[in-house]
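My entries follow in the order I looked things up.

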Amino acid sequence: MAIRIGDTAPDFTAETTMGTINFYEYLGDDWGVLFSHPKDFTPVCTTELGETARLKPEFDKRNVKIIGLSVDLSDAHHEWAKDIEETQGTALNFPVIADHDKKVADLYDMIHPNASDTMTVRSVFVIGSDKKVKLMLTYPASTGRNFDEVLRVIDSLQLTAKHSVATPVNWKSGDDCIIIPAVTDEQAKEKFPDGWKTLKPYLRIVKQPS
Ligand code: BEZ
């Protein structure tokens with residue numbers, strides 16, 4: 001069954017490049033990013049995994065655990081990891097699921113048969129510390145994802161979770177935010193004692209809370 005935003009992320013136990021991992025245990029109380037790669041030894045995936053490894057400190061800063069997935073065997077992943085380090089200059093520093101039986105890919109609906117019935121699409125699931133799915137992205141095999149955008153969305157999601165603010169078009173960290181409609185002006189006075197600007201009763205601009 002398709003997964004939707006707000007659903008509980010399905011748990012699983014899988015073989016990975018860092019041994020057998022239970023997903024929920026791996027996440028602990030942190031947030032998570034689960035992302036799929038169509039196949040080992042493919043060019044776009046190689047660049048994506050190198051870049052994600054380079055950005056790992058940024059995910060760590062946000063208490064986000066990352067885990068990749070490719071529908072190949074663990075031995076292939078280990079061989080491929082050498083190519084990733086050689087060509088991208090960063091060693092893999094997070095687990096990649098060896099989903100050769102497509103168990104996790106099926107659980108997360110990552111195979112789109114009209115695109116390919118053997119490879120996954122490029123899925124990204126951002127999972128909150130409450131284990132709920134907060135964001136889903138789906139890219140075709142031929143287009144590499146923008147992991148700076150994944151970090152930007154995580155910043156927005158975490159601000160919403162902590163401070164009841166939403167983020168406007170093209171927002172980036174440090175820009176003004178929007179008080180979410182569910183917060184009344186009375187509640188906003190407590191949450192945002194420095195005030196806000198009301199452009200419309202439903203459009204209240206506030207400095208980014210820290
Ligand atoms: C790639 O990862 O480079 C790729 C995989 C499948 C189709 C096209 C590109």
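**A buried valine**

I began with V104, which is buried at a relative accessible area of 1%. The model is predicted, so I kept in mind that local features need pLDDT of at least 70. V104 belongs to helix α5, residues 103-107. I then listed what V104 touches, leaving out residues up to four places away in sequence: F12, A14, L69, I97, D99 and M110. For one of these, L69, I looked up the C-alpha separation from V104, which is 8.4 Å across 35 residues of chain.

**Hairpins**

I turned next to β1 (residues 13-16) and β2 (residues 19-22), which run antiparallel and are joined by 4 bridges. The hairpin between β1 and β2 passes through 2 residues. I checked E15 and found T20 in β2 as its bridge partner.

I then went to β6 (residues 122-127) and β7 (residues 133-139), an antiparallel pair with 6 bridges. Here V124 has L137 in β7 as its bridge partner. The hairpin of β6 and β7 has 5 residues between the strands. In that turn I noted K131, with a positive phi of about 70°.

**The open sheet**

Which strands make up the open sheet, and in what order? I read 4 strands, β8-β9-β11-β10, with antiparallel pairing. The edges are β8 (165-166) and β10 (197-200); each has a single partner strand, so one side of each lacks a neighbour in the sheet. I followed β10 to its pairing with β11 (residues 203-206), which is antiparallel over 3 bridges. Within that pairing K197 stands opposite I205 in β11.

**Salt bridges**

How many salt bridges are there? I got a count of 16, and looked at several of them one by one.

I took K39 and D72 to start with, whose side chains meet at 3.1 Å, N to O. This pair links distant parts of the chain, 33 residues apart: K39 sits in the loop between β3 (31-37) and α2 (43-54), and D72 in the loop between β4 (64-70) and α4 (74-88).

My next pair was E48 and R122, with a salt bridge of 3.0 Å, N to O. It too links distant parts of the chain, E48 being in helix α2 and R122 in strand β6, 74 residues apart.

I then looked at E51 and R54, whose side chains meet in a salt bridge of 2.9 Å, N to O. Both residues lie in helix α2, 3 residues apart, about one turn of the helix. I have E51 as partly exposed at 27% relative accessibility, and R54 as partly exposed at 49%. I also noted a network in which salt bridges with shared partners join E58, K61, R62 and D155.

Notes:
Residues are numbered from 1 along each chain as its sequence is written. This is a predicted model: local features need pLDDT of at least 70, side-chain atom pairs count only at pLDDT 80 or more; totals for chains, interfaces and linings use all residues. Side-chain values use heavy atoms; hydrogens and water are left out. Two strands pair if DSSP finds at least two bridges between them. Buried means under 20% relative accessible area, exposed over 50%, partly exposed in between (1.4 Å probe, protein chains only). Contact means heavy atoms within 4.5 Å. A salt bridge is a side-chain nitrogen of Lys or Arg within 4 Å of a carboxyl oxygen of Asp or Glu.
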